[in-house]
Amino acid sequence: MSAIWKTFRAWFQRLGGLFQKARRDAEFAAELEGHLQLHVEDNLRSGMTPEAARREALIKLGGLAQTKELFRDRRGIPFLEFFWHDLRFAARLLAKDRAFTVTAVLTMALGIGANTAIFSVVNTVLLKPLPYPEPDRLVMAWEQNPHRGWYENIVSTANFLDWQKQNDVFSGMAAFESNNFTLTGENRPEEVAGERVTTNLFSVLGIQPFRGRLFLTEEEKEGNARAILSYGLWQERYGGDPALVGNSITVNGRRVTVVGILPPGFTDDYSASFAPRSRLWISGLDLRPQDREFHVYHVLARLRAGVNFAHAQFEMQAISRRIEQQYPESKGWGVLLVPLHEQTVKETRPALLFLLCAVGLVLCIGCANVANLLLVRAMKRQREIAIRSALGASHGQLVRQLLIESMLVSLLGAALGLFLAAWGSQILARLSPPGTPGIQGSGINTMVLLFAAVIALATGILFGLAPAFEASKIHLAVAIKKSGRSSGQGVKQSRLGGALVVCEFALALTLLFGAGLMIQTLVHLNHVDLGFNPENVVTLKVPLQGSQYEDPQKQAQFFKPLLARIEALPGVEAASVTRGIPMRGWAGWGFVTADNPYPPPGEVPDANYVVVGPDYFKTMGIPMHAGRPFSEVDTPAGEQVAIVSESLAQKYWPSQNPIGKRLKISSDANDKNLPWVTVVGVAGNVRSQGQFAPFVPEIYVPYSQFPWILYPRQIVVRAESSPGAIVEAIRQEVLSLDKDVPISEVSNMQDTVAGTIRQERTVMYLLGAFAGLALVLAGIGIYGVISYAVSQRTHEIGIRMALGASQPIVTRMVVKQGSVLAAIGVALGLFGSLGISRLLASLPGEARIPLLFDVAPFNPLMLASVSAILVLVALGACYLPARRASRADPLTALRYE
Amino acid sequence: MGDKADVWQGTLALMILKTLETLGPLHGYGIARRIEQTSGDLLSLNYGTLYPALLKLEQEGSIESEWGVSDNNRKAKYYKLTRSGRKQLEREARDWRQAQAILAKFLSVTEPST
């Protein structure tokens, strides 16, 4: 113990010994002087002459300088002092060779900056734990119906209640349904996103309120609904009034008491986890086990302590199998548990990891370039190195000095790169889809700094080691005698430099190939036949809430004149109302046809159910393939009608005329509440679920006959030209009918379409940028190597030209040297690209589709074209030094030293 | 420098500590003379090597130093034992004697007769 303490104390003291050197030196000199005087006096006493006395004292001491040296070694930490010395030396050298330093530092700054930026996003999006207590225990519970290809389906009330009652693996299980609420009363009407929740939601999450309390169990009852607000909503709408807790607000026309306010920041975290932008939570769901087929709720559960995920999955499967056997209508339905963290990150993970790999490749290429620069530089410094070696610097010391130089370059690069990263991660946050969880929090933090430091040191060693060893292996006599031109070393340098260029080209090809695939994906995505024409279509949400609209017919009566007025506006081609906008979600409903009214349980067909106004097809640009669109004749009293999509018609009435067929939008043909409807038209297929998804069958019904399911209500308007200009006019028309309608989500269809592939586009842009960077770096790399080789061969070229070689011959010779390197690199890169193909092909479809949409992972044409690009770049980069060499005056070249 | 130097350093440190215990506060030259005299001609000591050893002991907190004036009015740095140094001396002296005893026993075993 005390020995350790003594050692520790000694090191601490030695650390202190690094400072105030002058004072310490003076003190020791004084002590030694005292020592010598004492010794000399003793010697004089024993009868020596003064000179002899002093000489004897010095000899006995072992030399003044030597003693001071020994003392200094013990006083400080010699290693650190050498390091500091080397560092200062390196800094001086770098400051002198500005062209090299700027190029190398910028290259590293780009490489490290890009890596750090991507990592900062990876860190916050993928690695940061969710901000709840014991977040690993939180899971989402979904229903699934693998036979129909439905996974992560929302849960029916009856199933939720059975799960809740029968499981003993969860300490709590909560359900919630996303909803939009209209707030009126105190301020202007406002629609806010929120949820209707079971009272235990927040206790399952483990959240404490900022003000007030969470829901109580008795507030589960429908009549006992209470409200909890997000901090943001409380601040913005109610000015942070502390008296709000305990008072009531008007939600959808009803008074609801506020019991609590959630902590600031909760909304962001919560949005990041699963429910975007929720700001208001209302209790009073009052779940009753009546409906097993109507899937409504998201379910969140917390694993009981000591229960692991696999066990929970196992038990829940057993429960759902029991339910499936007990209730025929549940046939095919099972349960699916997903850890909450997994749920949050799984959509972004493949893309981010892909980008991280890509940006890592760019860094490698950058390192190869800087290594090449260092190599050339080391060759130029041969004499300096030789002289230092002759003066006693060991091999290790020389390597250390050169490594410290390369580390200094990479650290400077990292410092500059951090600025780029801070800036880059902001851009990334802006480019990413708005819903990307946690993206807003990304930026520079300790983890990111650590990452940057580690890759800076690693790259410093990586690109510094080979040149340092090359340079320090030196034949003293040869190097000192030689005056600069060095044929032997030059060849060796070219070989290592050439190897680096080959690697660069291989990596660049791999990267270009990956980027090429991604670009192809995006091109395909942009050319997907959407089934409708998104140009010049504006959409806005018109929530009608309040007692005057409780009768659904009143809502229909609101929209009919409104649509007429909007269509009368100048610049408007058509307007309609709809329940759902394509690509913004979809609602599957079961139905039966009159031809097959009693399908076996579990095989009830289903379709996306869309309630629309008369001019919907004209407005959206969806073609009618047969029959007629809806019109004014489709009144509540008239024949009940529907229009089906082409895919539905083909599936259920193959090679028959679907017009006049009858169907009922219910899984029970005997349901008295719902009418049989007659198909009057067939519309073109629409990508309701986004570009990636196949067409789903659709059933359209006129809102005049089914106004009660018109929620949520969206108005769609087709303009003659840019729709932005008419939005305000539309808004005025709505407000002139009811000034309390909180219009929201004004958007245009083209943005909606673009929004669904925003992640893919971001990935493509970044990958394209990285590939471009790689291309430039590889070009610079080969240019550097060939230029250097040419400068080494100036003499030889001079001889060739003197012997009659023409300019084109010399040019060809130099270009050939470069193209051989590029060709080898490209050949190796083909293997890398095949590796990428393999990797992509092995990804599960879910992860692969967003990266490779309708693109074969193995793609010879793409390989050929990116190879051609690289070879062209190489030829271009070699041509410049080649031309310079061939234009040289043979006489000057011969004399060149 | 190497293993031998470490042994030598350790021994030298012990000698310094013992000298300071016996004679009380003393300057570097005095310590060097004392060690040389005590060991007779057996030990030839470069006085210069003493100073890093003194510095090490001081860094470890076994001794401390202050400037003083010698008998013949010379300014000199005086070293003296600290409490922790005294303990270290006791411990190391004991270890040393033990090692010596073991080695002595070991070497005193007579060779088996043939």
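Guide: Strands (E, at least two residues) and helices (H or I, at least four) are DSSP runs numbered from the N terminus, and two strands pair if DSSP finds at least two bridges between them. The model is predicted: local features need pLDDT of at least 70, side-chain atom pairs count only at pLDDT 80 or more, and totals for chains, interfaces and linings use all residues. Residues are numbered from 1 along each chain as its sequence is written, while chains are lettered from A and ligands numbered from 1 in the order in which they are written.

One of its partners is β8(A), residues 248-251, which runs antiparallel to β9(A) and is joined to it by four bridges. Within this pairing, Val251(A) has Arg254(A) of β9(A) as its bridge partner. The two strands form a hairpin, with two residues lying between β8(A) and β9(A).

The turn of this hairpin contains Asn252(A), whose phi is positive, at about 50 degrees. Such a positive value, near 50 degrees, occurs here in a residue other than glycine. Asn252(A) belongs to the loop between β8 and β9 of chain A. Asn252(A) counts as partly exposed because 17 C-beta neighbours lie inside 10 Å; with C-beta atoms placed from the backbone, a residue is buried if 20 or more others lie within 10 Å of its own, exposed if 12 or fewer, and partly exposed in between.

Strand β7(A), residues 226-229, also pairs with β9(A), in the parallel sense and over four bridges. Here Leu229(A) faces Ile261(A), a residue of β9(A). Opposite Gly212(A) stands Gly260(A) of β9(A).

Asn536(A) is not a glycine, yet its phi is positive, at about 60 degrees. Its position is the loop between α18 (487-526) and β13 (537-541) of chain A. Asn536(A) counts as buried because it has 20 C-beta neighbours inside 10 Å.

Chain A also touches chain B. This contact takes 22 residues from chain A and 20 residues from chain B, two residues being in contact if their C-beta atoms, placed from the backbone, lie within 7 Å. On the side of chain B that touches chain A, at least two residues come from each of α2 (28-39), α3 (50-60) and β3 (75-81) of chain B. The most comes from α3(B), with six residues. This side of chain B divides into six nonpolar, nine polar and five charged residues; Ala, Val, Leu, Ile, Met, Phe, Trp, Tyr, Cys and Pro count as nonpolar, Asp, Glu, Lys and Arg as charged, and the others, Gly among them, as polar.

Chain B itself has three strands and four helices. Read from the N terminus on, its elements follow the order α-β-α-α-β-β-α. Of the 114 residues in chain B, 29% are buried. Among the contacts in chain B with a separation of 6 or more, 48% join residues 24 or more positions apart.
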